[in-house]
Amino acid sequence: MDNINNKEITFSEKGFLFDHNSGLTFTLNKTASFIYSLLKQGKNKEEIVKEILDNFDIDVIVVKRDLEDFILQLKEFELC
Amino acid sequence: MLNYNIAVTGLNATDNPAPGIPVIRSLRSLWSGKIIGLAYDALDTGIYDNNLLDQVYLIPYPTDGEESLLQRIKEIIKKTPIDVIIPTLDSELLNFIHLQPELEKLGIKMFLPTETLLALRSKIHLQEFCLKNGFNAPKTKIINDLGELKNSKLKIPLVIKGIFYEAYPVFSQEEAQVAFQKIKVKWGLPIIVQEYILGEEYDVVALVNNGECMGKVAMRKLALTEKGKAWAGITVKDQNLLELTEEVIKKLKWNGPMELEVMKDTVKKKYYILEINPRTPSWIYLATAAGQNLPLAIVKLALNKAFFPYNDYQSGLTFVRHAVDLVCPINYLENLTTQGELIFK
């Protein structure tokens, strides 16, 4: 995940994401936006899991699974 | 403000829009000279926009030949001298290329590709050019009757294209037949049949002068008309796509304006060249708004004036077309149909 900031991507806190390379736009939900902003800050997976658990009432197993799933989606769309 | 008289063709701005009006929009605010529309039909929609055009003259259809075009231009310049003509339609380019020496003698400049270049990138030779130079292109067959389509190895879905304009994606033999007939009636034979590539559609506009790329802007199509024309788009900075454009320019030894139409297979991450058009695209105003005024560059290069290449542009800039009703007095139509001209200023 260390190259996420090398991508030319416009990201707004409202959850709108524009990839300047592909021209594709994405809408992130609240949790995905939260995770994406943490990734932009350079946080690793463990730190992100902790931040989510601190901010949302959710099971750690679900968080870890959903985080992996979200990162896979980012990779699929060449966003990280 | 620039004080040259510029004439621009391709002024029909329907659902298959020609590039003339966006070319004029790129120049209008910089111009104190006359901007003259050269139209083929009294109902070419853009000619009624008196905020963009100073004068409009009807010219003979490309099929009437170059001599008839030359005579008409000679008549026009008796009324209003022209410094530069910017032809924007594929179907007329050959006539203008042939007339270039004659028009030069009349003091009219143009910035065009050569006849050889025009042929090299034509839809008929595109697959051959791509194969020879290591570019991906959809499998293509040039046909003159529907039997050839049935006997070809190309499988549905396909894209059926006219030699100059229009393209229809088809998903059955019946749709293929309808598209074939529709295009045959309008644009004649041959018809180009291409393998349908599923992916994201991109366009690049570029301008080349003596081997030097004066500017290039890439755009992803966001919405298409049923004729496959971009109705909305967004500027992008896909470096692979921009490098592909440079490679194509180099291999063709291109000179002049160019539009590269590309399909990106998003699964295989491969780029397929769909078309190389020898003119500015109808979305050229987006490139101007993004920071590269290529129509201005065309005028300056035609006049042999210095022009420094553009190096950058704004990505993430979107265009969306929408239809506007222009309301005009009856004498506009009267002047065009009886005198072949419309003088606003």
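What percentage of the 345 residues of chain B count as buried?

1. Of the 345 residues of chain B, 43% are buried (20 or more other C-beta atoms within 10 Å of the residue's own, with C-beta atoms placed from the backbone). The model is predicted, so local features need pLDDT of at least 70 and side-chain atom pairs pLDDT 80 or more, while totals for chains, interfaces and linings use all residues. Residues are numbered from 1 along each chain as its sequence is written, and chains are lettered from A in the order in which they are written.

2. The radius of gyration of chain B is 20 Å, which agrees with the value near 20 Å for a compact globule of 345 residues (taken over C-alpha atoms; the rule is 2.2 Å times the number of residues to the power 0.38). Along the principal axes, the C-alpha atoms of chain B fill a box of roughly 55 × 45 × 40 Å.

3. Chain B has 11 helices and 15 strands (DSSP runs: H or I of at least four residues, E of at least two, numbered from the N terminus).

4. Helix α3 of chain B, residues 90–105, has 16 residues and spans 24 Å from first to last C-alpha, close to the expected 22 Å (1.5 Å times one less than the number of residues). A kink of about 55° lies at Leu99(B), shortly before Pro101(B) (the angle between axes fitted to the seven residues ending there and the seven starting there). Leu99(B) is also one of the buried residues of α3(B), which include Phe96(B) and Leu103(B). After α3(B) comes Gly107(B), with a positive phi near 85°.

Notes
A residue is buried if 20 or more other C-beta atoms lie within 10 Å of its own, exposed if 12 or fewer, and partly exposed in between; C-beta atoms are placed from the backbone.
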